[in-house]
Structures are given as structure tokens and as C-alpha cells.
Amino acid sequence: MSASVSFADLWESLLPIGKTDTGYRRYTWTAADMRCREWFTTHAAAAGLSVQTDRNGNLWGWWDTAAGPGRRHHAVVTGSHLDSVPDGGPFDGPLGVVSALAAVRLMRERGCVPTHPIAVTAFIEEEGARFGIACLGSKLMAGAIDADAARGLSDDRGITFAQAMEECGLDPEGLGRDDERLGMMDAFIELHVEQGRALAPLGCAVGLAEGIWPHGRWRFDFGGRPDHAGTARFDDRNDPVLAFAQTALAARVQAGERGALATFGKVNVVPGAVNGVAAAVHAWLDARAADEKMLSETVTGVRYDAQGFCDEHGVSLDVRQESATPVVSFDSELRERLAAVLERHGQGDVPVLPTGAGHDAGVLAARLPTAMLFVRNPTGVSHSPAERAERADCEEGVRALAAILEDLAC
Ligand code: GLV
Ligand code: MN
Ligand code: MN
């Protein structure tokens, strides 16, 4: 193992993978994802970790204790994900994986000897960009989604999760709750780029997570009657685009008046003829709120308004929830321990931030103590090619993570 590989070297080696002119496209079980997985395998092995793939396709790199790989109990696990949203930025996910590998290297250079096994992970399909369910790899491991349901999820071209996984040489039969692996873990720490802009005004390079807002995804299907754009009179139309457009505005009002968030970020107009009234609109609502009641009231309000607009236009409506993530409060004892480590490390009084973004650490929080470390994002922009973190802050994040791992595992 060469000790001189820095955060920058690791970061730069991952950067070209899945990059397009409009942003990152690293979707699960695609060629770009396979290159990300090869990257993980190569760099985890080069950091002296023994690499394995779990039954759900998540990647693991183990730094075992002197007792060897047969004694993987009370492990301290860190990592994040390598997949991206459509046209995403480079940091959301990869920063946590690269920082974890860099932290392991730093600890080795310092001569740390773990008394608890340490593992670096990369969870699959965190963004749900291909198969629709966010945090799928951690949800499968934690038993938060049924294995058959996951196997049957399909992408926009009708390829199922099971087929796509098999095409990548992995067996979907093993998918599902993995109590044996969860039982190996004492704690999971996810380092992540900040999504929002709380740290910059405070002048802090890193922060800790308090909790995650409950959130979910709902599919809205508006069914209309296709017709000629040049001959069908307005009064004779059943135009699903109009019902959808009014619903998108209503979502903003319903969420806005409660202090929640609601977004239609993916819309398919079928068949998509410039000179035709559409036959259907398929639209996906992402809604998030500070508590479950506010979330449920927001979505109920949007559904109610949508039904009214559909009635007005003679359009049918079908609404289905596709994904749900309950409210998360991260383990306060673990967070206090991390805050104390960071204070000793010179970070001062580390800010503790709530977030509306979903994370694998949030899913695993239902099964074991988890915590999150945020690295300052100077613009706050995320899920966009404009997502950023300064190199010096990323390096500070690596040092902070190494100090935490050292405290928990050495
Ligand atoms: C993931 O980043 C999510 O919050 O959807
Ligand atoms: Mn994300
Ligand atoms: Mn993420």
C-alpha cells in the first residue's frame, strides 16, 4: 500500500467517471456505476482494505483487527454512496466515500491500530434515480423494503432491478434484510457535503446532523384525451397538461403555507407531440416536512386540489406513493461523543443541523447508532452540477473523520 495517496489523488481519480456535459449520470447497474464500483475496489484494496460485495450489492472494504476477518463484531462503519441524481454534482455521495478511504489512509500513516474493525461502504441506489426508491441499498439491508418488491422495481425502459443486477454479474436472489451484517456494526458515520447553506455564515468547515425531515415520493398519473392542437376547440379538450400545471402550482401553495417543501422534478408528457393535446402526464411529487403530520397534510392537500383540477378538465387521476422515509433523529449519545472529539480536534463548538435531505445513515438509524458529518457547501446548492465544497474543507472533513474513527475504533 502506498501511503502517499492523498484526498486530492483519490478525488481526481473518481471525477471523470460518469461525467457528462450537463452533469454527473452515475445510475445504479449501468456502465458508469460499474466503473465507480471498480474504482472503489481498486482504491479500497490499495488502502489495505479487504473488499467484498454484500447480498444487496453494497460494497464494503474492511480494515480488520489483529483477530482477523473472522472477528467482524463491534465494527465502526463509514461511507456513503457513489450514484448520482440525473445531471448531479460530484460531491453528493462520493465525498463521503472518498473521505472515508482518505481517512483510513491518514490513520494508517499515523500508525493507528484498530481494536474494532473499521469498514468503508458504498451503498447502491441512494438517489433512487434509476429504480425510484431512495436509499434502496440501505433499505434492503435494514429490511425497510421487501426483497420481492425491490427485485420487481423497473426503470424508465422497463428493465427490472433484478435483471439489471444480474446483467452486472450479481445474483438478485440474495437481496433482503441482512441481520448478520447489521449485527456486526456498532456505529455508522456518514460524511456528506452540506445540502443547504448553514455552515458558511457560521464560519465552520464541518457540522453534525441532528435529524432528517420525513419525506416521500408520489406518482401522479393524469389521463386525458389526445387530440389535434390545431383543430380541437378549448371547450372540447380533456388536457392533462393543464390539470398537471395547476397541480404543480397548488403543491407550492400547499407546502408553502405550512413551511413544508413539495416539488415536481420529473414529468413525462405522453406521447409528447408538439402539435397534439397530450394523452397523459406522469409526474412525480417529492414532498418533505418537519414532521409526519405536516407532510401528510401537505400531500393530502395536493391530492385534493389535483382531483378538483382533473374534474374541471375531464381528466382522470391516479396517485400512488412510491417511497416513504419516516422522520429520523440521529443518536444523541453518539453525536455528543463526536462533538467532543471534534472540539478536542480544534473545531470548537460544532454546529448541529437538521436536514431535509435523505441519507443511508437515516435509514440505518432505525437499526443502530448513526451520525452524520457535514462539510461546508459555500453556495448551498446540491443535486446540481453547481454543487461545491472547497478542497481545504474537504481535507478538514477527512481529518475530522479520521479523528472520529480513531476515537471510536482504536
Ligand atoms: C437524496 O439526496 C434525497 O434527499 O432525495
Ligand atoms: Mn442526494
Ligand atoms: Mn447523498
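Strand 4 (residues 59-63) is largely enclosed by the rest of the structure, because 5 of its 5 residues are buried. Here buried means under 20% relative accessible area, exposed means over 50%, and partly exposed lies in between, with a 1.4 Å probe and only protein chains considered. The structure is a predicted model, in which local features need pLDDT of at least 70 and side-chain atom pairs count only at pLDDT 80 or more, whereas totals for chains, interfaces and linings use all residues. Residues are numbered from 1 along each chain as its sequence is written, chains are lettered from A and ligands numbered from 1 in the order in which they are written, and side-chain values use heavy atoms, with hydrogens and water left out.

Helices (H or I, at least four residues) and strands (E, at least two) are DSSP runs, numbered from the N terminus. Strand 4 is covered on both faces: Leu59, Gly61 and Trp63 are buried on one side, and Trp60 and Trp62 are buried on the other.

Two strands are said to pair if DSSP finds at least two bridges between them. Strand 4 pairs with strand 3 (residues 50-53) in the antiparallel sense, over 4 bridges. Within this pairing, Trp60 of strand 4 has Gln52 opposite. The two strands form a hairpin with 5 residues between them, and Gly57 in the turn has a positive phi of about 90 degrees. Strand 4 also pairs with strand 6 (residues 118-123), again in the antiparallel sense, over 5 bridges. There, Thr121 of strand 6 stands opposite Trp60.

**Loops that follow strand 4 and strand 5**

The loop between strand 4 and strand 5 (75-81) contains Asp64. Is Asp64 buried or exposed? Asp64 counts as buried because its relative accessibility is 18%. Its side chain is joined to that of Arg72 by a polar contact of 2.8 Å. A polar contact is a pair of N or O atoms within 3.5 Å; within protein, one must be able to donate a hydrogen and the other to accept it, and residues adjacent in sequence count only if both atoms are side-chain atoms. His74 is found in the loop between strand 4 and strand 5. Although His74 is not a glycine, its phi is positive, at about 50 degrees. With a relative accessibility of 44%, His74 counts as partly exposed.

The loop between strand 5 and helix 3 (94-109) holds Asp92, and Asp87 is placed in the loop between strand 5 and helix 3 as well. Asp92 has a relative accessibility of 5% and therefore counts as buried. Asp87, at 22%, counts as partly exposed. Asp87 has a positive phi of about 55 degrees, although it is not a glycine. From C-alpha to C-alpha, Asp92 and Ala251 are 26 Å apart in space, and they are 159 residues apart in sequence.

The peptide bond that joins Val270 and Pro271 is cis, with omega of about 0 degrees.

Which residues are around ligand 1? They are Glu127, Arg288, Ala357, Gly358 and His383, where a residue is near a molecule or strand if one of its heavy atoms lies within 4 Å of it. This shell divides into 1 nonpolar, 2 polar and 2 charged residues. In this grouping, Ala, Val, Leu, Ile, Met, Phe, Trp, Tyr, Cys and Pro count as nonpolar, Asp, Glu, Lys and Arg as charged, and the others, Gly among them, as polar.

| Residue | Distance to an oxygen atom of ligand 1 |
|---|---|
| Glu127 | 3.1 Å |
| Arg288 | 2.8 Å |
| His383 | 3.1 Å |

Taken alone, ligand 1 exposes 200 Å², and the protein buries 95% of that area. Accessible areas come from the Shrake-Rupley method with a 1.4 Å probe; for residues, only the protein chains shown count as cover.

**The chain as a whole**

The secondary structure of the protein chain comprises 13 helices and 17 strands. Of its 410 residues, 55% count as buried. The C-alpha trace spans about 75 × 45 × 40 Å along its principal axes.
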